[in-house]
Amino acid sequence: MRIAIAAVLAGVTAGAATVRLQPDRDPAERGTLRLHYVQKPIGYERYEIVGDGDGLKLSSDFDFTDRGGRVQLSATLRTKADFTPVAFTASGKSYRFVNVDSEVRIDGAYAIVRADGREARVAVTAPFYTVDGYAPLAAQMLMLRYWKQHGRPRIMKTVPGLPANDVFVEPRGREAIRIGANLVTLERYAIDGVVWGRETAWLDEKGSLAAAITRAGGLSFEAVRDDLEPALSGFVQRATRDRIGDLENTTRAMPLLKSGTYAMVGATVITGTGAAPIADAVVVIRGGRIVDVGPRGAVRVPDDVPTVQVAGKTIVPGLWDMHTHVTQVEWAPVYLAAGVTTVRDMGNEFDFITPLRDAIDAGRALGPRLLLAGLVDGGGPNAFGVVYATTREEAGQVVARYHDAGFQQIKIYSLVTPPIVEAICAEAHRLGMTVTGHVPNGMTIEQAAAAGMDHIAHLAIRGEADSDEVKRTIQYLKEHHTVIDPTQSWNELLGHAAGTPIAAFQPAVAKIPPPLNRVFSNAGAAGIDAPAARARLERGLRIVKALKDAGVPVVVGTDEGIPGHSVHREIELYVEAGFTPLEALQAATLVPARAMKLDDEVGSIEPGKRADLVVLNANPLESIRNIRSVRWTIKDGRVFDAPALWKSVRFRP
Ligand SMILES: [Zn+2]
């Protein structure tokens, strides 16, 4: 059992950290959970449960600081003695950009729900629970107790999700972990529907929450009872095995429409090389590779090769997302559903992303090809993640570790100091890796490029595109062959005026699962009106266009955003910026393939390359919005049905 091993190997004894109060002498139940973001300890949730008439009252203070930003949430939950909810309140923030102000009162068969400034009276039928996202974790703990007390129902509803969401709880087994001299027995659960995708939670013999692994702001979030802290990475490994197992099950259940040897006949093919589209084309695929492509009259399909008629469709190369964080397995079906066959992960938990990559590479799990950039920051209380380099020696160790694990790149984060940036770049280049990341604090984008950074994440250029200063910067980047992933869809998503509905620029928001919808419905910038938000976006788009015109490689990246759909939005925004539809498509195909030195293998539809293709219902060169019309995605020659992929992760197709 790896949890036990991990905890023992950590060699930490628990000491007398927790004081468990005797229930007969003090009726209160108290708990302290240590909170982590991407495994970095960042704060605490402290809860107390006291008798309240015939029932119980939970009060929870949830409080952490992430990269200098404080997040606080206060919540109360009153229940009957059998944990049936009576009233729930939550106010504050559950993540840096997620405001929470919700209240639910149960009145017979109805719930009076106030959330997001709206009030509604909704019918509720048991089984149901009142939680509003992942925090506070103690509310999820009571939800599990309710579930056990009420016959372990297959589905529960949650409020205040408007509409209510379905929550599934699945017991995943028992295990014991050793912390010093103590052996703690735990029950493990998967919870699906409180957040998007599956959480993992462990309860102890008393029904108290021992640990939970969930997500906040799109990244991994771990809560561990303070005395169990030494087992943190064991919990992460255990949850990772469960979730990859789930993805392998999804893979086995997913209809594979075609694989092996076949020919797609009759579509318009946009090869992505820059050549004119091929009408009524034939693409022959064998053993996961493209063996021939051309007009029907010019390509001979051997007699033994089955054909698939795709007249009326358009085939483009598999898309790329050059800025993501695949922090949960649900991203794998999402990306394929959106036509994305390769992604660059820009910082993740080592214990999670490497086994996921390996499962996909081995064909056990469906998903896009994962290229990994290993995150490193400069240390200190405001640092991000758990991998730091503050000396040249540490820089060498960090690069070596990522290199040995098969990472393609290093991702430098904001607090790495200039000499260490140089040391990291030199060592990465020596080992054949490249370097991407944020422009570190105290450096300009030119200095970051001069220090050796091959790519820069986000659009770290201020000013107007036609100013001399910006022109000089762009020329400098051009001379240094610097690649930029400007993440404009992310800027648009977080920077839109709070009064502008997301659906106004991202229609796919109507298709996302309710827990994600609740997160994004609270996103948006306060204190900015729609014209000002639009002007800010357009300033960025002018720089993106100027970069492309100057010959600086611009690659499509989302920083997650609306899963999958933000890739399409990023491509659309480049057309708004003034790219031709073909140039925008290339920014999501051939340009990133070149940037990652993989253009011999992928990035366009040419004989010899991997059969990574997207079959669209409509031609994106006629209207770039047609990039959203994904019908089938082909990865390494295997044909997946996009609607089935979407449904597997609770999106509407
Ligand atoms: Zn990012």
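Modeller: Let's start with Thr-240, which touches Asp-351, Phe-352 and Pro-355, leaving aside residues up to four places away in sequence. Keep in mind that this is a predicted model. Thr-240 sits in helix 3, which covers residues 232–253. With a relative accessibility of 4%, Thr-240 counts as buried, since the cut-off for that is under 20%.

Stay on helix 3 for a moment, as Gly-245 lies there too. Gly-245 has a relative accessible area of 21%, so it is partly exposed.

The zinc ion is coordinated at 2.1 Å by three residues: His-323 through NE2, His-325 through NE2 and Asp-559 through OD. Written as a sequence pattern, the spacing of these donors is H-x1-H-x233-D. His-323 belongs to strand 22 (residues 319–324), while Asp-559 comes from the loop between helix 12 (530–550) and helix 13 (565–577); the two are 236 residues apart, so to speak a link between distant parts of the chain. Both His-323 and Asp-559 are buried.

Strand 22 itself deserves a look. Six of its six residues are buried, so the strand is largely enclosed by the rest of the structure. From strand 22 the chain passes through helix 4 (residues 331–337) and on to strand 23, making a right-handed β-α-β crossover. Strand 22 and strand 23 (residues 340–345) then pair in the parallel sense, over four bridges. If you want to trace that pairing, Leu-319 has Val-340 as its bridge partner in strand 23, and Asp-321 has Val-343.

Five strands form an open sheet in the order 22-23-24-25-26, with parallel pairing. Strand 22 and strand 26 (434–437) stand at the edges with a single partner strand each, so one side of each has no neighbour in the sheet. On average, neighbouring strands here are turned by 25° against each other, direction ignored.

Next come the helices on this sheet. Helix 13 packs on it, touching strand 22 and strand 23, and its direction makes about 100° with that of strand 22. Helix 7 (residues 418–430) lies across strand 24 (369–376), strand 25 (409–412) and strand 26, and runs at about 170° to strand 25.

Helix 10 (residues 488–495) packs with helix 12 at an angle of about 170°, and their axes are 10 Å apart. Angles over 145 degrees count as roughly antiparallel, so that is how helix 10 and helix 12 are arranged. On the helix 10 side, the residues taking part are Gln-488, Glu-492 and Gly-495; they meet Ala-533, Arg-536, Leu-537, Gly-540, Leu-541 and Val-544 in helix 12.

Arg-610 counts as partly exposed, at 26% relative accessibility. Its contacts, again leaving aside residues up to four places away in sequence, are Gly-288, Arg-289, Ile-290, Arg-369, Glu-601, Val-602 and Asp-636. Arg-610 and Arg-172, on the other hand, are 38 Å apart from C-alpha to C-alpha, and 438 residues apart in sequence.

Most residues other than glycine have a negative phi, and most peptide bonds are trans. Ala-126 and Pro-127, however, are joined by a cis peptide bond with omega about -5°, and Pro-127 is in the loop between strand 8 (118–123) and strand 9 (128–130). Another cis bond joins Ala-135 and Pro-136, with omega also about -5°; Pro-136 is in the loop between strand 9 and helix 2 (137–149).

As for phi, Val-38 has a positive value near 50° without being a glycine. Val-38 lies in the loop between strand 1 (29–37) and strand 2 (40–52), and is buried, with a relative accessible area of 6%. Arg-152 has a positive phi too, of about 50°. Arg-152 is found in the loop between helix 2 and strand 10 (156–159), and is partly exposed at a relative accessible area of 40%.

Methods:
Residues are numbered from 1 along each chain as its sequence is written. This is a predicted model: local features need pLDDT of at least 70, side-chain atom pairs count only at pLDDT 80 or more; totals for chains, interfaces and linings use all residues. Side-chain values use heavy atoms; hydrogens and water are left out. Donors are N, O and S atoms within 2.8 Å of the metal (3.2 Å for Na, K and Ca); water is not among the atoms, so sites may look incomplete. Buried means under 20% relative accessible area, exposed over 50%, partly exposed in between (1.4 Å probe, protein chains only). Two strands pair if DSSP finds at least two bridges between them. A crossover is right-handed if, with the strands pointing away from the viewer, the path from the first strand over the helix to the second runs clockwise. Axes are lines fitted to C-alpha atoms, for helices over the stretch in contact, and angles run from 0 to 180 degrees between N-to-C directions. Contact means heavy atoms within 4.5 Å. Angles under 35 degrees count as roughly parallel, over 145 as roughly antiparallel, 65 to 115 as roughly perpendicular and the rest as oblique.
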